[in-house]
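Hi,

Here is the model I promised to send over. Have a look, and then read on for what turned up in it.

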Amino acid sequence: MSARDQHGLAAPHGEFQIIGKPQRKIDGAAKATGSALYTDDLTLPGMLHAKTLRSPHPHARIVSIDTSAAQALPGVHGVITGKDLPTPYGVIPWTPDETALAVDKVRFIGDEVAAVAAVDEDTALRALELIQVEYEVLHSYQDPKEALERDEPTIHQNKRGDNVSKRVKLDFGEVDQAFETSPVVIKGDYSFHGSTHAAIEPHCALAQVDGDGLLTLWSATQITHYVHRALSSVLDLAPHRIRVIQPAIGGAFGGKSDPFSLEFCVAKLAQITGRPVKMLWTREEVFYAHRGRHPMEMQYSLAANEDGKIQGVDARILIDGGSYSSFGLVTTYYSGQLLTGPYDFPTYRFDSTRVFTNKPPCGPKRGHGSVQPRFAFEVQLDELAEKLSIDPIELRRRNSLGPQTKTVNGQRITSCGFDECLLQVEEASDWKNKRQSLGSGKGVGVAGSMYITGTNYPIYPNEMPQAGIQIKVDRSGVVTVFSGANDIGQGSSSMVAYVVAEELGLTLDMLRVVAADTDLCPVDLGAYSSRVTFMVGNAAIDASRKLRKLVVGSLAKHWDVEERRVRLVKGEALDLEDPERHMTMAEAFQIAEVEHDTLGATGSYNTPTLGGDYRGGSIGASPAYSFSAHVVEVEVDEETGRIDVQEVWCAHDCGKALNPILVSGQIEGSVYMGIAEALYEHHQTNRFGLHSGPSLLDYPLATTLDTPEIKSLIVESNDPEGPYGAKEAGEGPLHSAIPALSNAIFDAVGIRLRHLPFTPDVVLRALREKRANDNQAPSPGSDA
Amino acid sequence: MLRLPSFQLEEPKSLYAALVLLAEAKGEAMVIAGGTDLLPNLKHGLFAPKLLVSLARIEGFVGIEEEPDGALLVGPMTPLARVAESELVQAKAPALAQAASLVAGPQLRTQGTLGGNVMLDTRCQWYNQTHFWRQSLGYCLKKDGTACHVVQGGKKCVAAASNDTAPALMTLGATLRFERLNEKRELPIKSLWSPDGIWNKRCDKDELLTAIRIPAQDPGHRGAYGKLRTRESIDFPLLGLAARLTLDHEGRVQDAEISGVALAARPSPVRGVADVLRGTLPGTAEFDEAVEAAAQLAYKQLRPLDNVPGSAWYRREMVPVLARRTLQAAAKGEGPVHPL
């Protein structure tokens, strides 16, 4: 970490003009009026349309593929199979186990086998029907336990000859001793089901190769830079002959953070045919692409003292990875590494194993790898509170780790507003009057969590900055900011505009942000791990301050005053001590341009050295952690098992809300997503290995009517290293919504739901089981 | 986006022209009303008609009229939203207004029609899928295959009747007018259904539903509809129940019935409901007990199969709950019972 990476909390001009105040998104009007261009809106002259042939078998060897009839169909311009793109890739460089099209075998129903480019989609679809593929069907794995126990056949080849994708086992402190000496031990099995992102925009990519062979790819991706690298490798084309652009995107949530088959296919087909090629996936294909939340089976043991103080945590987790690695190496680490706050664990052990199964591949969904363990652990904490008769909020307070501390696995905690989060949800929800007091079928539950704000693990090892910004100044007053960050709706381009406008004293209408274009913008690693506001925000401050120094210096000379008297504010430059002396920023830029020549600046950010000194110690090591607490209030219909979530209070420590509207939006979206996946969604395969319902009718996302009232409470702990103190807000506020829901159901009706999802049939069975047990063992003194 | 297959579209302006087109097509045509179900089904490759005959421009097919005897005559192209919002339907056939108000979501009710809902294709988790998906499965009994995946070894398709308005119209004693070129017949809706999920209607595929007639109800008529579904909007029923009570001048139950949908291939009435409820006075313990007995009759008789997504066990467990709540809602002049 260098000096460029820390900029302090203060506003550049004493008081913030833009930061911390509600602002519009810079692309809001374009999106609301339909003028924003998404990848599928782009059409090029002579453009062909491509479609993908997919495997109808969950696990099979490809014996032969005959594409001759498809090639011969009038209107077909190109047909490719795995042999045309044989180079394996994977977003994590250590696990390149995907190919754009299956080379020798297929690993789930929906796996890509061939692609056709034709004059239109209908012709391409007819051509797919003419491709003859002979398969040798293999035993398929739908159950991760079977995949763990059985080695033949293997889904991927590895040295061990098994179906294990990754195993991580880490010990911190004397765990066994803690369990032996602690007076209270709670053990339990928990499970988290699969869910997917279901972004409103399906994946889409368009490729063009110009007369000089330069390839341009427009793609709905949240990782332009990694797509750029993967294309170069798979196409065997120098990176400087490739340009990747992310147009406006209709949501991603982690579902667009791998390189995908369609990106390679359109590129290759454009090279072959010499014409632009576009592929738009259907909703069904998006469900097959998946990369959603990993199902996990989790055994947790918790040792504590009588006062509720945690002494040890011991976890064993089986992770169902689906058919490819994707981010799985990181997922496996995250499943253990991210649990060690906001509570103080004196000792901790986790043993996580990710196995391959013949299902759509899992990957990172909002709260990657840590939502599942957080669910198990926070429910278990509630069980501890119940056992010790301690208020669950008080129990969490007693274990709170606090700011400027270190976790048991060596993560550095800087700012921490977790106690304030607990206090805010406790007060806002009227917790003390509601807990155990709401009456029949009603209850409240609490949970807390912690999440990373990016990590210092840059996916491929390098020491270059993780984020970069470039600023160009025009004599008209227009300032164009080139940002590598992928705006996936979270507002990262807007955030960049707010920062630069604040630093240079501009109004937002003077800013242009050009983002996520590898020819034009400096590298940013992508929109994942909640890294963008922190890292790109710091890079934007870095670049802006260099530029401001030039402009302020020139003006000070021009007015012959000290630099401290020069203020840049709201599009004007002025002398603090002489109200008569002021000019527009356009004039100020011109004065600076005379002195310094053409104006511009670059800025960067890189993380400090972080993490524990052990293998994997840097995975999950973040420059700052966000904290959340949720209280959920429910009403359970004991006759039907239906859960009505009445209200959710979420307090989230985002360090500093650069735009409180966007932070609240992220909190609301996270709560919505968490509650919906707990109650309605289930990404699963049926007994044939087929996706159980790859459509938005059968995969039930919550509608407006199904969404609870959400109160977002912003807590600002002012992180010393964040841009003006900011940390993440996009993923953290999802985590504890789900365990808080389970805990609220316990408060309401006395059933402990340890296995997701909480569909009415599951709830009804649990209620009936409880009733049967209660009837068998009437409590002493009851007159029943 | 999934592609539609190619077909010819005709938009006749008169009923006669529509009947001529259907007769000439000799079974190669399909009728499209609102299209909210047909179009996704076409995209899924469930049908491949050469010709679609749209009913959208036929004069006189939209509207709700009260006949001199108090009966309601509803045009088959009347949007579900209009049926739901009609004060006439709400007053005279409350169960129908309630059922129509719970079909799908607001946009689909504006586009979808009452006739289309009556004639809705049956639904099944093994059938309402894309061609790729069904091909991977090896197809099913209802379309292109020989095996049933709901009842293993089953020889009869048990795809679920999923039309919310069907049980409501059954409890209202509605009759349907079907027409073919130079042919016209009236059929009580209760006689429409057959137990075959492939085509669950006792009418030919080239017969056109041209009117829905709801006879005048007794002054003591009470009706309600209850629906179980996953979400509070959009979803097809996991279970739907319509209830009718006819109260005499003292307010006691004179007659009663319940019909259910989203069970098996056809909507089913529950037998014996009138017998247990007759003579009881709503609001009394005696009535509540009779309602409970009626709910138990429904529980015994209505057995949802594993055809639509979700737990069939749960759907069955909800039969008595929905029956009780819907009967009570009818008695109080309330409803719909939703969410359950």
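Let's start with strand 27 of chain A (residues 643–653), which is mostly covered, with 8 of its 11 residues buried. Buried here is a residue with 20 or more other C-beta atoms within 10 Å of its own, C-beta atoms being placed from the backbone. Strands are DSSP runs of E with at least two residues, helices are runs of H or I with at least four, and both are numbered from the N terminus.

Before going further: this is a predicted model, in which local features need pLDDT of at least 70 and side-chain atom pairs count only at pLDDT 80 or more, while totals for chains, interfaces and linings use all residues. Residues are numbered from 1 along each chain as its sequence is written, and chains are lettered from A and ligands numbered from 1 in the order in which they are written.

Which strands pair with strand 27 of chain A? Strand 26 (residues 625–636) runs antiparallel to strand 27 and is joined to it by 10 bridges; two strands pair if DSSP finds at least two bridges between them. To get from strand 27 to strand 28, the chain passes through helix 17 (residues 660–679) in a right-handed β-α-β crossover (clockwise from the first strand over the helix to the second, with the strands pointing away from the viewer).

Now for a spot where the chains pack together. Helix 20 (residues 760–776) of chain A and helix 12 (residues 312–332) of chain B have axes 9 Å apart and an angle of about 65°. Axes are lines fitted to C-alpha atoms, for helices over the stretch in contact, and angles run from 0 to 180 degrees between N-to-C directions. The contact (C-beta atoms within 7 Å, placed from the backbone) is made by Pro760(A), Asp761(A) and Leu764(A) on one side and Trp313(B), Tyr314(B) and Glu317(B) on the other.

Chain B also has an open sheet of 5 strands, in the order 4-5-8-6-7 with antiparallel pairing. Strand 4 (64–66) and strand 7 (183–188) are at its edges with a single partner strand each, so one side of each has no neighbour in the sheet.

Cheers

Conventions. Buried ≥ 20, exposed ≤ 12 C-beta atoms within 10 Å, placed from the backbone. Contact = placed C-beta atoms within 7 Å.
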